[in-house]
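Thanks for coming, everyone. Please have the sequence and the structure open while I talk.

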Amino acid sequence: MNYVTIVYLINLFLYSFYFFGRIGSEGDTSGLDVSVSGVLSLFLMGAGYLNAKKGMVYRSVLWMFFINLLLFVMAGVFDQFGKDFNILSTGGSDSFLFTLALIAYNGYLFPLTVLLDGSGLAIIIPVMLSFILPSLGYLIGIKRYSAKEDADKVANEVKK
């Protein structure tokens, strides 16, 4: 079981329930919005940690990054070449559907997206964080459990 994938999808549903249940416009972010986003980001780090604890390989924490990267690349491709081959084009922005999917897929980062609105960073930062957060949790898990295994080996050698 890949904990990062499961937690990523849970984050998507939890934040969508939170977002649709709150009062105010979508452009306003409060301290509570940032707190909820931070907690959901910590859940993602914890999922990377659980992957390391269960002995999964490093690439198991990168699936969500690869999906985000694919959405990001497709948004760029359709922005550049969409007018020539995009059957979904409604004029204006040909990459709208891919950009919307990228923002919705990373909904737990909504306060950060609102803060960075109007710049390209609103799309780049979620892609980067989908790599950094699970990787950081995985690194912490590997360091902790490799140190524990080393301590267990030393304790077993001392007993002999």
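Let me start with one term. A residue is called buried when its relative accessible area is under 20%, exposed when that area is over 50%, and partly exposed in between. Keep those cut-offs in mind. One caution as well: this is a predicted model.

Now the overall picture. The protein chain has six helices and zero strands. Read from the N terminus, the order is α-α-α-α-α-α. The chain has 160 residues, and 33% of them count as buried. What about contacts along the chain? Take the contacts between residues at least 6 apart in sequence. Of those, 75% join residues at least 24 apart.

Let's go to helix 2. It covers residues 31-53, which is 23 residues. From first C-alpha to last, helix 2 reaches 33 Å, close to the 33 Å expected at 1.5 Å a residue. Which residues of helix 2 are buried? Here they are: Asp 33, Ser 37, Leu 40, Ser 41, Leu 44, Met 45, Ala 47, Gly 48, Tyr 49, Asn 51 and Ala 52. Follow them along the helix on your screen. Just after helix 2 comes Gly 55, with a positive phi of about 80°.

Pick one residue from that list. Asn 51 sits in helix 2. Why does Asn 51 count as buried? Because its relative accessible area is 0%, and the cut-off for buried is under 20%. What does Asn 51 touch, once we skip residues up to four places away in sequence? The partners are Met 1, Asn 2, Tyr 3, Val 4, Met 56, Ser 60, Val 61 and Tyr 138.

Asn 11 lies in helix 1. Its relative accessibility is 0%, so Asn 11 counts as buried. Now look at its side chain. The side chain of Asn 11 reaches the backbone oxygen of Leu 40 at 2.9 Å. Leu 40 is itself one of the buried residues of helix 2. Set aside the neighbours of Asn 11 within four places in sequence. Its contacts are then Leu 40, Phe 43, Leu 44 and Tyr 108.

Ile 140 is in helix 6, residues 121-159. Is Ile 140 buried, partly exposed or exposed? It counts as partly exposed, because its relative accessibility is 42%. Leaving out neighbours within four places, Ile 140 is in contact with Met 45 and Tyr 49. Both of those are on the buried list for helix 2. Ile 140 and Lys 53 are 87 residues apart in sequence, and their C-alpha atoms are 9.6 Å apart in space.

Here are some other pairs like that. Start with helix 3, residues 63-85, where we find Leu 69. Leu 69 is partly exposed because its relative accessibility is 34%. Leu 69 and Phe 131 are 62 residues apart in sequence, yet 9.7 Å apart, C-alpha to C-alpha.

Met 74 is in helix 3 too. At 26% relative accessibility, Met 74 counts as partly exposed. Its pair here is Leu 97: 23 residues away in sequence, 9.7 Å away in space, C-alpha to C-alpha.

On to helix 5, where Val 114 lies. Why is Val 114 partly exposed rather than buried? Its relative accessible area is 23%, and buried would need under 20%. How far is Val 114 from Thr 29? Along the chain, 85 residues; between C-alpha atoms, 7.7 Å.

Last stop: the largest pocket. How do we find empty space at all? Rolling a probe the size of a water molecule over the atoms shows where it is left. The largest pocket has a volume of about 430 Å³. Its lining has 17 residues. Phe 19, Ile 103, Ala 104, Gly 107 and Phe 110 lie nearest the centre. Helix 1 (3-21), helix 4 (96-105) and helix 5 (110-115) are the elements that give two or more residues to the lining. Which one gives the largest share? Helix 1, with five residues. By type, the lining divides into ten nonpolar, five polar and two charged residues.

That's my tour. Over to you for questions.

Key: Residues are numbered from 1 along each chain as its sequence is written. This is a predicted model: local features need pLDDT of at least 70, side-chain atom pairs count only at pLDDT 80 or more; totals for chains, interfaces and linings use all residues. Side-chain values use heavy atoms; hydrogens and water are left out. Helices (H or I, at least four residues) and strands (E, at least two) are DSSP runs, numbered from the N terminus. The expected span of a helix is 1.5 Å times one less than its number of residues. Buried means under 20% relative accessible area, exposed over 50%, partly exposed in between (1.4 Å probe, protein chains only). On a 1 Å grid over the protein atoms alone, a cavity is a set of points where a 1.4 Å probe fits but cannot get out, and a pocket is an open set with protein on both sides within 12 Å along at least five of seven lines; lining residues have an atom within 4 Å of a point. Grid points are joined across faces, edges and corners, and a volume is the space filled by probe spheres set on the points. Ala, Val, Leu, Ile, Met, Phe, Trp, Tyr, Cys and Pro count as nonpolar, Asp, Glu, Lys and Arg as charged, and the others, Gly among them, as polar. A polar contact is a pair of N or O atoms within 3.5 Å; within protein, one must be able to donate a hydrogen and the other to accept it, and residues adjacent in sequence count only if both atoms are side-chain atoms. Contact means heavy atoms within 4.5 Å.
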